[in-house]
Amino acid sequence: MSGRREPVPFAFVAEADRFRSNVTPPPRERPSVGQMAGRWLLGLTVVAGLVGSLVIGTPALSTDRHDSQPQQSQASQNR
C-alpha cells in the first residue's frame with residue numbers, strides 16, 4: 001500500500017470540533033404547570049399499570065398447588 005493519504009470526503013465533520021458559532025440559540029421555553037402535571041400524571045399512570053399487571057399476573061404464574069386431588073376438566077367429569 002502506498003503511504004499517500006487521500007482526502008476524507010467528510011472532512012468538515014472533523015473540523016466541527018474547532019468551529020465556534022457566535023449565534024446563541026434561543027432559550028428553551030419552560031413548561032407550564034399544566035404540562036408538568038400532565039407529564040407526572042402520565043408517568044404515574046404507566047407505573048401504576050405496570051405494578052398492577054405484575055400484582056394481578058403473579059398468582060397466575062405460581063406453580064404450587066394446595067389441592068389434594070388432581071385438577072380435572074369438566075369434559076372429563078361429564079362422561
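A: Glutamine 35 lies in helix H2. The model is a predicted one, and within the protein chain the confidence is highest in H2, with a mean pLDDT of 94. Glutamine 35 has a relative accessible area of 44%, and because this value falls between the limits of 20% and 50%, the residue is classed as partly exposed. The side chain of glutamine 35 reaches back to serine 32, where the backbone nitrogen is found at 3.1 Å.

Isoleucine 56 also has its place in helix H2, which covers residues 33-61. Its relative accessible area is 69%; since that is over 50%, isoleucine 56 counts as exposed. Isoleucine 56 belongs to a nonpolar surface patch together with Val47, Val51 and Val55. The accessible area of the four residues of this patch is about 400 Å² together.

The setting of the helix is given by the chain as a whole. The protein chain holds three helices and zero strands, in the order α-α-α from the N terminus on. Of its 79 residues, 0% count as buried. The accessible surface of the chain amounts to about 8700 Å², and carbon and sulfur atoms contribute 60% of that area.

Confidence should be kept in view when the helices are read. The average pLDDT of the protein chain is 78, and 56% of the residues score at least 70. Helix H1, residues 11-15, has the lowest confidence, with a mean of 60, whereas H2 stands at 94.

Note on methods: Residues numbered from 1 in each chain as written. Predicted model: local features only at pLDDT ≥ 70, side-chain atom pairs only at ≥ 80, totals over all residues. Heavy atoms only, no water. Helix = DSSP H or I, 4+ residues; strand = E, 2+ residues; numbered from the N terminus. Buried < 20%, exposed > 50% of the residue type's maximum accessible area, 1.4 Å probe, protein only. Areas by Shrake-Rupley, 256 points an atom, 1.4 Å probe, with all protein chains shown as cover. Patch = residues over 30% accessible without salt bridge, like charges linked within 9 Å, V, L, I, M, F, W, Y side chains within 5 Å. Salt bridge = Lys/Arg side-chain N within 4 Å of Asp/Glu carboxyl O. pLDDT = per-residue confidence, 0-100. Polar contact = N/O pair within 3.5 Å; in protein donor to acceptor, adjacent residues only side chain to side chain.
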